[in-house]
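This briefing is intended to be read alongside the sequence and the coordinates.

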Amino acid sequence: MFAYLVRRCILSLLVLLGAAVATFLILHLAPGDPAVLMMGDVGASPEQLRALREQLGLNDSLLTQLGRFLWRSARLDFGYSFYSRQPVATELARQLPATAELALAAFGLAVIMGVPLGVVAAIWRGRWLDSLATGGAVVGISMPSFWLGLLLIFVFAVHLGWFPVTGQGGLDRLVLPALALAVGPGALIARLVRSSVLDVLRKEYVRVAHAKGLPPSSVLIRHVLRNSLIPVVTIAGLQLGAMLSGAVVIETVFARQGVGRLAVTAILAKDFPLVQGVVFFAAVVYVSINTLVDVLYALLNPAIRLR
Amino acid sequence: MKEHERTGRSGKVSRRRFLQGAMGVGAGVTLGPYVSPAVRRVAAAAPADTLRYAFASEPPSLDPHATGSIWSFRSLLAMCDTLTWQDGKGNVGPGLATQWAISRDGRVWTFKLRPGVVFHDGTPFDAAAVKFNLDRIVELKNAALGQIAEYESAEVVDPTTVRVKTKNPYAPFLAGLAHGFTGMVSPAAVRKLGAQFAVGPVGSGPYVFKEWVRQDRLALVRNGAYAWSPPGLPPSGKAPVPNILIRFISEEATRVSALERDEADVIENVPAQEVARLQKSGKYRISRVLQTGAPWHINLNVKKAPTDDLRIRQAIIHAVDQQAIVDTLFFGIGKPAYGPLTRATFGYDPAVETMYKHDPARAKRLLEEAGWKMGADGTREKDGKKLRVIFQVIAAGGYDSTATMVQTQLQAVGIQVDLRLLERARMFSDANKGEHNLGLKFWLTADPEFLRLHFRSTNIGNWNWSMYNEPSMDALLDEGASTLDLTKRAKIYSDIQRRIMREALLVPLFDAEYVNAQAPRVQGVEYDRRTAIWFHNASVGA
């Protein structure tokens, strides 16, 4: 287990390096000049643009810039945002609480909605409850989250007046965005749980458990669920990763703080240091969650050993 | 829904109702019990001491001298005073400078400064501060420098007198000094705060910066020491509203919901399709401001075939139906444009209004004259070549739909449009290279001097998207910038406008409008034609 974790860490560092270099290259090779964008809606003379590029260090060769960027990143220094002139780490840290809050709430909701729905559908396979659950899941997966978000705002905030429309802080401001964000992943989890449970239900050891005369509930929980959750954990982990690295659409619709909006604003403005910082953060989130998921496998199923 | 009904209902039965609804959507079991107290709190009335404004975007920086963003500009006049003041009609009057005189050669301005003004940190505003600010604008080389491009140096004569030199006689100088980007900031605060200044500026305006929570809000508090008022605004001194809270809500439907849910008192950039409904509700006041600068327009590249042919450029202008674009895409928000300047801009010459009109038959004749015959597929041909133009457009914000409509209108006279929807950064770099025939943009600024940026030969590769290179036009544009006599100046810009249209360098589309919606409790929020917001006299009722 320990050797596995060490190896895993080294691999993770390589992944992070790859992500950093790829982001850097994509950003710098894509057309568009940050200086022109910074001058914004007013326009600037060529001399002004040259001076600004110099100030931002954009006149150096690409290799010099890459070297400088990697050297700094190695010391976890992502530099300063072109626009706000604030440290990238500070900018990111300010958006994290809102993102974490939303991600955890939505993830919790997705699991709470998805797992029971999937189990119910599998047990009553082919019956009307199954049709209802699977049908609901299809709707949930296909529904665009921005549309659902606007619909929730219209019904529960504007029309009924139960929740505020925008912002963060307080459970009341969390309910609608978390729900809008949870429906898609929740539906996905439901479908996955259903097929996974159906798979396990056909296994011989389940028949043996029944034959031994174990009560159905204990067969379901101890034998069926535990074994069918393995693939679900993988997908749920990826979903959590996606949510933690920012839910752009939901953050925008509900005018919430968050890493996702920060990333999009930075990308559109070609705020290189900020984009690199956000992508690095997202890479760290994914790598850690994947490692965590692998460790969870072993805990869920002792038959799996980490080597 | 009336206010008291809503408050009463959620105050009494909110929990049960909440639970019913939340169960319905599947989350009630887990969250319901915790949420109901919060629901009651939400229904509380709007704060009586705070004006809540919803912006469509967040300013990237609040350092006036280090930003080019229109959202910085809109918030800055609350915090920073300017040397001069441009009123709602575009006239320039006294600001922090009470009077001024200009030397005979038109290059030296002597400003007399308002005595007794202090910055929010207590630093006195004086001639040395003016010099510091103007030099800082040159040093930072950001958008502010574009407002006072010909500034050379400043000299402190005495604490309330400053002498400013420009490189050439420079007509837009006074208007440039009235721009939010050239606002005066505290030299002491700049030295002390360093990079932090961009996230907490210190000016001398009617409001003091309090807090900026990124991606959420900007909070300002009233400056109790504010003792004067710009011309045209009531001489109120201290502003009526104690607090201003600016929220950043980029999704337009959410902005409207925030207004209707009483989470915002004023929202900007009201979506065109919602204006009529909000107006009809009788509850909200809609303000529409016709902007100065350039209308939405399509630059025609004179260097690239086939738009290097004057007749083809003229045909394109005749083929485009401006009114249809305004009515169909923008629900009547905006006014059809006829030339390179909007009708609200200094020097606008109505003579351009009769130069072209929507006339597809005329467009077809011009194309025939140029030798392009209609082909079987509805696209014209000459010497085996199709009549095809490349149209580069930013893939956002109404640009794309406008371009699509123009594409249809041009196809109707036999011009095939190869539409290239580009991301903003890509658009700017590509258009500057001149790979387009058509390029769509608009320009928001106070003074017609910007035409130099758009049509002077030295700005090919920058903003001269028509790739126009004519020494006589360059001379005329320079003359417009350096002529201080307003009547003569207006005449020069009239020549420039007619010439641009005679040469068919652009297709004017429409003058944009800055549309805001205000809740009934709001009074006195005003706008100028550059879309700056004046909070000086704003008040909120209960």
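Is R52(B) buried or exposed? R52(B) is buried, as its relative accessible area is 8% (buried means under 20% relative accessible area, exposed over 50%, partly exposed in between, with a 1.4 Å probe and protein chains only). This is a predicted model, in which local features need pLDDT of at least 70 and side-chain atom pairs count only at pLDDT 80 or more, while totals for chains, interfaces and linings use all residues. Residues are numbered from 1 along each chain as its sequence is written, chains are lettered from A and ligands numbered from 1 in the order in which they are written, and side-chain values use heavy atoms, with hydrogens and water left out.

**Salt bridges within chain B**

- R52(B) forms a salt bridge with D262(B), at 3.1 Å from N to O (a side-chain nitrogen of Lys or Arg within 4 Å of a carboxyl oxygen of Asp or Glu).
- This pair links distant parts of the chain, 210 residues apart: R52(B) belongs to strand β1 (residues 50-55), and D262(B) to the loop between α8 (252-260) and β11 (266-267) of chain B.
- D262(B) counts as partly exposed because its relative accessibility is 23%.
- D377(B) and K386(B) are joined by a salt bridge of 2.9 Å, N to O.
- A network of salt bridges with shared partners connects E150(B), E449(B), R452(B), R456(B), D474(B) and D478(B).

**Contact between chains A and B**

- Chain A contributes 59 residues and chain B 62 residues (contact means heavy atoms within 4.5 Å).
- About 5,000 Å² is buried between the two chains, 59% of it on carbon and sulfur atoms (the accessible area, with a 1.4 Å probe, that two parts lose on being put together, summed over both).
- One salt bridge is counted between the chains; E91(A) pairs with R214(B), with the closest N and O atoms 3.2 Å apart.

- Helix α1 (residues 2-29) of chain A has 28 residues (helices are DSSP runs of H or I, at least four residues, and strands runs of E, at least two, numbered from the N terminus).
- The buried residues of α1(A) include T23(A), F24(A), L27(A) and H28(A), and their cover includes α4 (62-74) and α13 of chain A.
- Q276(A) lies in helix α13 (residues 272-300) of chain A and counts as buried because its relative accessibility is 7%.
- Beyond its neighbours within four places in sequence, Q276(A) contacts T23(A), F24(A), L27(A), H28(A) and F69(A).

How values were computed. Expected span 1.5 Å × (residues − 1).
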